[in-house]
Structure formats: C-alpha cells, structure tokens
Amino acid sequence: MDWKRSLRDRLAARRAPKKSEQELKDEEMELFTKYYMEWKGGRKSGNTSYTNIPRFYYRLPAEDEVLLQKLREESRAVFLQRKSRELLDNEELQTSPMIGEEAMINYENFLKVGEKAGPKCKQFFTAKIFAKLLHNDPYGRISIMQFFNYVMRKVWLHQTRIGLSLYDVAGQGYLRESDLENYILELIPTLPQLDGLEKSFYSFYVCTAVRKFFFFLDPLRTGKIKIQDILACSFLDDLLELRDEELSKESQETNWFSAPSALRVYGTLCFAIHISSLGQYLNLDKDHNGMLSKEELSRYGTGTLTNIFLDRVFQECLTYDGEMDYKTYLDFVLALENRKEPAALQYIFKLLDIENKGYLNVFSLNYFFRAIQEQMKIHGQEPVSFQDVKDEIFDMVKPKDPYKISLQDLINSSQGDTVTSILIDLNGFWTYENREVLVASDSDNAADVDDT
C-alpha cells in the first residue's frame, strides 16, 4: 500500500546522516542557480554579448612597476601623435578663403563642398555644425567666414588639448601644479611679449601665472585641475595673447600674465626694459626676508584694510612663523582684485565666517564693522550706525533666511563685492557711503568734457 511505502521512506530518511550547514548552503545555491538559469533562459536575448561583462577598469602601474609605466607613457605619446596628425596643420589652415565677410552658403552647397574636402575636413561638414552656425538668415544660409573661424577655433582647441595632455603625467585628464608649471615654463620662449623677462625671474613669473589657474579652477584646493576646465576658461587665451608682438600697452596692463602685470604684483628689476617703480610684494617686504608679516601686509593697496580682517587672513591662510610667502600673497591679491568672482567671494567669505557656521549673522557683521567704525574715529569722522549698515546689507543681499547670509546668497545677489568692501576696507566703505556724490561728480566731469 502507498501508506506503507511512505512510512518506510520516512523511517529511511530519519536514519540518513544529517547535512552540515555548509552543505545546506551549497545545495541552496545549486538550486537557486538552476532555477535562475532556467528563468533567464526563457528571457534570453539574441545578443550573446550580454553574457560577458566587458572590462571597464584598468589599474594604474605602481611606482615600482617601471616597465609598465614606460609602456603607458609610450602608448599615450603614440596616441597623442596620432590624434595630432588627424588635425589640420598650420599650412592647411593658412589657406583661408579669399572671400568677403558677407559671403554665404546654403546647406546643399555646404554638403557638396564637404564631399570634395579632404578627410581631415569632413568632420566639420555636418548638419549639426551647420545648424549651430545658422543665425536667422531668411534663405537658410550661414556665413562662410564664420564657418572658417569656427574650424580654426576647433582645431586650436584640439591642438592645445593635445599639448596640455603631454604634461599630464598621470594620464587622468588633469594637471597638477608641477605639470602646469612645466607647461608655462616651456611656453615662455614662444611669447614675444616676455622677451624682456630675465631667466632669474622665470620661477616667480611661473608661480604668478599658475596661481591664477589654481585659484579660480581649483576652489576645493585638490592640487589639480581638469584640462577641460583650462580650455573652457579664458585664462589660456590671455596667456597666449602674449604672442602678439604689437599688443597694446593698455592690454598688457590688464592682462595678469603680461610682464608689466607680473612686475606690478611681485616687483623686481629683472626685466631688460627699464622700469623705475617697485611692485607690490617687494615694496611691502620692508625687512627683505622674502616674507610678509601682518604689519607689512597692512600697507597693501590704500592701506585701509582693517586689523580685524588682517588677523583673520593670518589665522586662516598658510603662513610660516606668522608670515606669508609669495604664493599665499598671490591668493590674497587675486581675491581682493576680483571680488565679483565666486572663487574670490569664497576666499573672503571663509575669513568673514569667524564661527565656521557656513553663514554670516548679525554678530559676524558687527564684529567686522566695529573695526571700520574705529578707523573712522581715528580719521576724525563720525562713525556710522551699525544698525543702518546691517539693514542695507540685508536689503542688498536678500538672503533666503532673513537672519543669515550664506555664500550662495552673496553670489546670487551680485552685490558680494560691495558687501565685502564695506566690512573689510575703510576706503571701500567710504566709496559706498559717498556713491551718490561720486556719481554726481563723474556726471559733472563728463558734462565739462562735452562742453569743451
């Protein structure tokens, strides 16, 4: 009978040895795999590549793996050379179209030209590029000169990308400080506007140039910046502008990378050209030890920065035995000369945020403005009420929280430069307080010029 067989099987199962925990787990995994593969088989795609996961991570060679490092370097060099050969060279780019600026071309003829163009040019004759250059022409045409300039710009960007990548030692798409220093150092002889720069000053010039890149493009101070970010910003254009032998004096004075600008910031007579006045850094360094103390830095600019603000500078910034070096000084100068920029506001905001709370409150504002009031008393002026200034600051910034001003509030308000000037610089506060008088004076002067 069936019940006899069931009973016999049950008794036999009881006599069987008990499986260990590991054997049970193995059996469970075997059953899971079996049923999962059966389930997956019913949903199997026609593409067999899904059964194999491609390799997506390649470990960088360690420092002691010299052979692998050399292989990686040679491979990257060959790759960059191949990419460089794919670009239009200077001779090919010199063959500019002999046409007027108003010459236009429609899409049909654009494609015909693309068919006859060489293999290096075909990548530029696409519908996407044509549409990008199309600007409200009633006949659906684009300017030939604009297209030529677009190609020139694209090729220059690719050439520069390859040139910068040669200095990317890690091969990860970014440059460390030493990498960018080497790039600029080897670039100096190719810039006619720096011919008067003596080799003894090269290291200071390179430091001055590199700091601007890292101050604005590395806000988190990671010690490296992406090559894409270097290409996207205008700093490289300003640097390469020094190739122009006929660059005007006004352009040189406003260009951070020019010889006169470097002289202004550092101050040296290491130029072949004769310049009588010393620059800021050496002029401030009264004891000539190559470093700046708080007392020496207090003479910066108009000499009206408050002592409270200078105390915060030396508390938060990198110093050596209570004095700052040239690199730290460059960050200080870049912040104060570019107070409208987010990176500069971030630098100053960190100094103003004395409680490290991530925002400025009434206490923070009062802490810094008291120093302005004290300076006003020293100069024989009647101190302005803090309550009035506080209300004006909050009205200008319009923060999300009516009692707290965050860094993002300052940036969004477009009034960050005015607010910081009010709190750290007596001259900046005086300019703000007398803005209406100054505007009226400028108007009167303009009217006098018109009358003459």
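Colleague: Is Asp89 buried, partly exposed or exposed?

Modeller: This is a predicted model, and in it Asp89 counts as partly exposed, because its relative accessibility is 34%. The residue sits in the loop between α3 (66-85) and α4 (90-94).

Colleague: How far apart are the C-alpha atoms of Asp89 and Lys120?

Modeller: They are separated by 9.7 Å, and the two residues are 31 apart along the chain.

Colleague: And where is Asp137 found?

Modeller: Asp137 is placed in the loop between α6 (127-133) and β2 (141-143). Asp137 is buried, because its relative accessible area of 17% falls under the 20% cut-off. Its side chain reaches the backbone nitrogen of Arg141 at 3.0 Å.

Colleague: Let us step back. How many helices and strands are there in the chain?

Modeller: The chain has 24 helices and six strands. Of its 452 residues, 35% are buried. Among contacts with a separation of 6 or more, 60% are between residues 24 or more positions apart.

Colleague: Which residues touch the most other members of the largest nonpolar core?

Modeller: They are Tyr205, Phe213 and Tyr329, in a core of 90 residues. Helix α9 (residues 202-217) gives the most to this core, namely eleven residues. Apart from that core lies another of 15 residues, including Phe110, Leu133, Val151 and Val155.

Colleague: Why might one expect nonpolar side chains to be buried together?

Modeller: In soluble globular proteins, nonpolar side chains tend to be buried together.

Colleague: What does Tyr329 touch, not counting residues up to four places away in sequence?

Modeller: With those neighbours left out, Tyr329 touches Val265, Gln280, Tyr281, Leu284, Leu292, Leu297, Tyr300 and Met324.

Colleague: Now to pockets. How much space lies in the largest pocket?

Modeller: The largest pocket holds about 500 Å³ of space. Its lining consists of 21 residues, and Arg211, Arg221, Asp331, Tyr347 and Lys350 lie nearest its centre.

Colleague: Which helix gives the most to that lining?

Modeller: Helix α18 gives the most to the lining of the largest pocket, with five residues. At least two lining residues come from each of α9, α17 and α18.

Colleague: How do the lining residues divide into nonpolar, polar and charged?

Modeller: The lining has nine nonpolar, three polar and nine charged residues.

Colleague: Asp331 was one of those nearest the centre of the pocket. Is Asp331 buried or exposed?

Modeller: Asp331 counts as buried, because its relative accessibility is 13%. Asp331 belongs to helix α17 (residues 326-337).

Colleague: What does Asp331 touch beyond residues up to four places away in sequence?

Modeller: Asp331 touches Arg211, Phe215 and Tyr347. With Arg211 there is also a polar contact of 3.2 Å between the two side chains.

Colleague: Since α18 has come up, how many of its residues are buried?

Modeller: Eight of the eleven residues in helix α18 (residues 342-352) are buried, so this helix is mostly covered. The buried ones are Ala343, Ala344, Leu345, Tyr347, Ile348, Phe349, Leu351 and Leu352.

Colleague: Which residues are buried in helix α16?

Modeller: In α16 (residues 307-316), the buried residues are Phe309, Leu310, Arg312, Val313 and Phe314. What covers them includes α15 (294-297), α17, α18, α19 (362-378) and α22 (416-424).

Colleague: Where does Val397 lie?

Modeller: Val397 is in helix α20 (residues 386-397), and it counts as buried, because its relative accessibility is 5%. Leaving aside neighbours within four places in sequence, Val397 is in contact with Ile405, Asp409, Leu410, Ser413 and Val419.

Colleague: A last topic: what is the phi of Asn356?

Modeller: Asn356 has a positive phi of about 55 degrees, although it is not a glycine. Most residues other than glycine have a negative phi. Asn356 is placed in the loop between α18 and β5 (359-360), and it is exposed, with a relative accessible area of 59%.

Colleague: And what is the phi of Ser414?

Modeller: Ser414, which is not a glycine, has a positive phi of about 60 degrees. Ser414 lies in the loop between α21 (407-413) and α22, and it is exposed, with a relative accessible area of 54%.

Definitions and conventions. Residues numbered from 1 in each chain as written. Predicted model: local features only at pLDDT ≥ 70, side-chain atom pairs only at ≥ 80, totals over all residues. Heavy atoms only, no water. Core = buried A, V, L, I, M, F, W, Y, C linked by side-chain atoms within 4.5 Å. Buried < 20%, exposed > 50% of the residue type's maximum accessible area, 1.4 Å probe, protein only. Helix = DSSP H or I, 4+ residues; strand = E, 2+ residues; numbered from the N terminus. Contact = heavy atoms within 4.5 Å. Polar contact = N/O pair within 3.5 Å; in protein donor to acceptor, adjacent residues only side chain to side chain. 1 Å grid on protein atoms, 1.4 Å probe; cavity = no way out; pocket = protein on both sides within 12 Å on 5 of 7 lines; lining within 4 Å. Points joined across faces, edges and corners; volume = space filled by probe spheres on them. Nonpolar A, V, L, I, M, F, W, Y, C, P; charged D, E, K, R; others polar.
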